[in-house]
Amino acid sequence: LAILVALIATSGCSRKARWLHGRWVFDSEYTRQELAEIQEKAPPREGLVEGLQAVAESLVVPRLIESLEGSELRVTNEQLVMTDKEGNGKALTYEVIAVPDSDTITLKQSDGEVRTSHRDGGRFWTTSTGDVNVRAYFVRAKK
């Protein structure tokens with residue numbers, strides 16, 4: 001759940017970014033598709049360190065996607081509420097610290113994390129933290 005909240009909490013908004021307000025669900029199919037395209041375009045990795053990182057990514061990415069499967073994010077003026085597929089959730093307050101353009105927002109969450117979200121058409125994405133940066137895409141929940 002911590003990874004889920006960390007990924008999703010990136011989803012910031014305020015009066016400056018109302019585009020993020022509302023209910024969002026993790027879009028696993030689109031996330032997998034985008035990650036596959038990114039991997040296809042990436043140059044081949046050479047060397048032991050690069051090889052080990054590729055192996056780590058191949059192990060971490062499927063688990064990360066699986067942990068986000070069925071998750072939902074609700075964004076209000078004051079908080080982000082993330083709920084996983086089992087119905088467990090976490091609520092965080094946030095403050096907007098940067099809005100570099102109309103499709104990007106950076107938030108500081110009440111747990112101290114600072115995250116940036118990017119609007120991409122009818123979706124938004126944010127990246128995971130740590131050594132493996134993985135984009136996770138969310139789409140508006142159907143009413």
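T126 counts as buried, because its relative accessibility is 1%, where buried means under 20% relative accessible area, exposed over 50% and partly exposed in between, with a 1.4 Å probe and protein chains only. T126 lies in strand β7 (residues 123-127); strands are DSSP runs of E with at least two residues, numbered from the N terminus. From there, the side chain of T126 reaches the backbone oxygen of T116 at 3.1 Å. The model is predicted, so local features need pLDDT of at least 70 and side-chain atom pairs count only at pLDDT 80 or more, while totals for chains, interfaces and linings use all residues. Residues are numbered from 1 along each chain as its sequence is written, and side-chain values use heavy atoms, with hydrogens and water left out.

As for the overall fold, eight strands form a closed barrel in the order β1-β2-β3-β4-β5-β6-β7-β8, with antiparallel pairing; two strands pair if DSSP finds at least two bridges between them. From one strand to the next, the twist averages 35°, taken between N-to-C directions on a scale from 0 to 180 degrees, with axes as lines fitted to C-alpha atoms. Strands β3 (residues 79-83) and β4 (residues 89-101) run antiparallel and are joined by five bridges. For T83, the bridge partner in β4 is G89.

Strand β6 (residues 114-120) holds H118. Beyond its neighbours within four places in sequence, H118 is in contact (heavy atoms within 4.5 Å) with W19, D103, T104, R123, F124 and W125. Between H118 and Y137, the C-alpha to C-alpha separation is 9.5 Å in space, and the two are 19 residues apart in sequence.

Notes: Helix = DSSP H or I, 4+ residues; strand = E, 2+ residues; numbered from the N terminus. Polar contact = N/O pair within 3.5 Å; in protein donor to acceptor, adjacent residues only side chain to side chain.
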